2 protein chains.
Amino acid sequence: MALADEVGIDALSMRTLAQRLDVVPMALYKHVANKDELLDAMVDHVVGEIEPASPDENWRHGIRSRILSSRAALLRHPWAPGLIETRTHASPVVLDHMEAITASFRAGGFSVDLTHRAMHAIGSRMWGFTQEVFPTQEPAQDEAAREQQFDEWMKRYPRIVEMATEIGGSGGCDAHQEFEFALDLILDGLERIHRETVRDDG
Amino acid sequence: MALADEVGIDALSMRTLAQRLDVVPMALYKHVANKDELLDAMVDHVVGEIEPASPDENWRHGIRSRILSSRAALLRHPWAPGLIETRTHASPVVLDHMEAITASFRAGGFSVDLTHRAMHAIGSRMWGFTQEVFPTQEPAQDEAAREQQFDEWMKRYPRIVEMATEIGGSGGCDAHQEFEFALDLILDGLERIHRETVRDDG
DNA sequence: ACCTGAACACCGTTCAAGT
DNA sequence: ACCTGAACACCGTTCAAGT
């Protein structure tokens with residue numbers, strides 16, 4: 001994981017890892033059956049860093065704090081999101097995380113059906129994933145080219161440019177604040193639906 | 001793209017593609033500078049299949065139909081989501097999609113700030129991405145092992161098992177229906193916030 | 001029995017030799 | 001000038017030869 005943090009996940013090969021550990025490449029196969037098992041173990045370790053919420057918390061606070069803790073864990077390791085997505089079969093630690101969130105909804109009185117829908121609604125946000133909304137663009141070399149580039153952007157993507165200049169200008173985009181906003185938006189919606197369902201029943 | 005659809009993105013190499021085209025591997029480098037450029041072009045082609053909404057539609061219908069069209073395009077190519085996520089710099093077609101959604105919000109009267117937050121809230125759902133909520137597990141071979149496996153799951157992940165049996169039992173999980181539910185949940189929330197903002201201003 | 005170097009079957013890409 | 005086979009620098013993993 002230290003090596004992946006330093007050189008990136010693409011540069012992490014069985015050979016470079018072995019070299020880092022001052023060990024012959026084949027020695028790694030004493031500990032893992034193959035590279036996939038190594039990557040699985042890395043995901044497990046990151047997800048294992050997620051702090052469990054206290055069980056007596058109300059469902060919303062419990063889920064909220066668990067997801068924010070999840071995000072914090074993933075942010076420490078930039079390669080983690082991509083790895084979680086590519087894993088084909090969920091590991092026990094991954095399932096523990098999903099079980100905990102599911103259990104919180106159920107403990108909060110959500111029906112099985114609504115819990116299922118809620119899990120879908122949270123989606124990859126349960127891992128703290130965020131979507132970049134501004135394109136990362138390398139600026140042109142000389143002044144003239146940079147100006148022409150900006151003009152083209154202004155013409156083709158006026159709303160994105162507007163957003164980038166207005167938000168980027170005033171202190172920049174706080175990714176964490178945006179994450180909490182979106183998470184709360186979803187939790188608000190779920191809470192509302194839950195309350196309505198309960199009212200209809202009673 | 002046809003080759004990727006058939007053999008999967010992992011099995012798509014410059015060499016296998018060349019073989020498919022009855023061409024020598026190095027001939028591909030007449031058309032693309034490197035493999036990354038090939039993958040970029042594939043993403044562009046998929047995203048280009050997204051149908052633009054009619055410009056006079058109200059913001060919510062416009063965004064909704066565009067995202068559903070995006071989802072339809074991505075579903076036709078199972079390798080597309082993973083590819084979109086790994087692309088480092090956004091291509092014009094990708095930006096066109098983001099520009100269109102941003103423009104719809106603005107045309108609907110959203111402030112630049114709320115539009116920015118809305119883009120974050122929609123997140124990867126703008127590409128039609130969904131999160132699997134049930135673990136895919138290969139069942140054990142013999143009956144006894146399968147039973148023991150189920151017992152262990154029941155003990156460690158009771159809520160997930162509950163969800164899987166109850167939802168899976170009644171016709172299964174309709175991924176598309178779940179996607180629309182989650183999308184509408186977010187759009188509902190955004191519409192509510194938008195209305196409140198407008199009311200406060202006037 | 002354990003360890004490990006060489007080898008195998010792949011990659012993406014460079015480059016020089018051929019037309 | 002264009003095309004292309006061989007070669008280079010990598011992979012993950014197998015396997016047989018060494019201790």
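1. A residue counts as near a molecule or strand if its C-beta atom, placed from the backbone, lies within 6 Å of it. By that criterion, 13 residues surround DNA strand D in this predicted model. The closest are A:Ser13, A:Met14, A:Arg15, A:Asn34 and A:Lys35. Helix α2 (residues 14–20) of chain A provides the largest share of this surface, three residues. Sorted by class, the surface near DNA strand D holds seven nonpolar, three polar and three charged residues.

2. Next, DNA strand C. The surface near DNA strand C is made up of seven nonpolar, three polar and three charged residues.

3. At the interface of the protein chains, 37 residues of chain A are in contact with 37 residues of chain B. On the side of chain A that touches chain B, at least two residues each come from α6 (92–107), α7 (112–122), α9 (158–169) and α10 (175–201) of chain A. That side of chain A comprises 17 nonpolar, twelve polar and eight charged residues.

4. Within chain A, the axes of helix α4 (residues 59–75) and α6(A) come within 8 Å and cross at roughly 160°. An angle over 145 degrees counts as roughly antiparallel, which makes α4(A) roughly antiparallel to α6(A). The crossing of these two helices, α4(A) and α6(A), is left-handed. From α4(A), the contact draws on A:Trp59, A:Gly62, A:Ile63, A:Arg66 and A:Ser70; from α6(A), the residues are A:His97, A:Ala100, A:Ile101, A:Ser104, A:Phe105 and A:Ala107. By class, the contact of α4(A) with α6(A) has six nonpolar residues, four polar and one charged.

5. In chain B, the axes of helix α4 (residues 59–75) and α6(B) come within 8 Å, with a crossing angle of roughly 160°. The helices α4(B) and α6(B) are therefore roughly antiparallel to each other, and α4(B) passes α6(B) in a left-handed crossing. In α4(B), the residues of the contact are B:Trp59, B:Gly62, B:Ile63, B:Arg66 and B:Ser70. They meet B:His97, B:Ala100, B:Ile101, B:Ser104, B:Phe105 and B:Ala107 in α6(B). This contact of α4(B) with α6(B) divides into six nonpolar, four polar and one charged residues.

6. A further helix pair in chain B is α6 (residues 92–107) and α7 (residues 112–122), whose axes come within 10 Å and cross at roughly 135°. That angle makes α6(B) oblique to α7(B). The crossing of α6(B) and α7(B) is right-handed. On the α6(B) side are B:Thr102, B:Phe105 and B:Arg106, which meet B:Thr115, B:Ala118 and B:Met119 in α7(B). Three nonpolar residues, two polar and one charged make up the contact of α6(B) with α7(B). B:Phe105 is listed in the contact of α6(B) with α4(B) and also in that of α6(B) with α7(B).

Terms used. Residues numbered from 1 in each chain as written. Chains lettered and ligands numbered in written order. Predicted model: local features only at pLDDT ≥ 70, side-chain atom pairs only at ≥ 80, totals over all residues. Contact = placed C-beta atoms within 7 Å. Helix = DSSP H or I, 4+ residues; strand = E, 2+ residues; numbered from the N terminus. Nonpolar A, V, L, I, M, F, W, Y, C, P; charged D, E, K, R; others polar. Axes fitted to C-alpha atoms, helices over the stretch in contact; angles between N-to-C directions. Parallel < 35°, antiparallel > 145°, perpendicular 65-115°, else oblique. Left-handed = near helix turned anticlockwise from the far one by under 90°.
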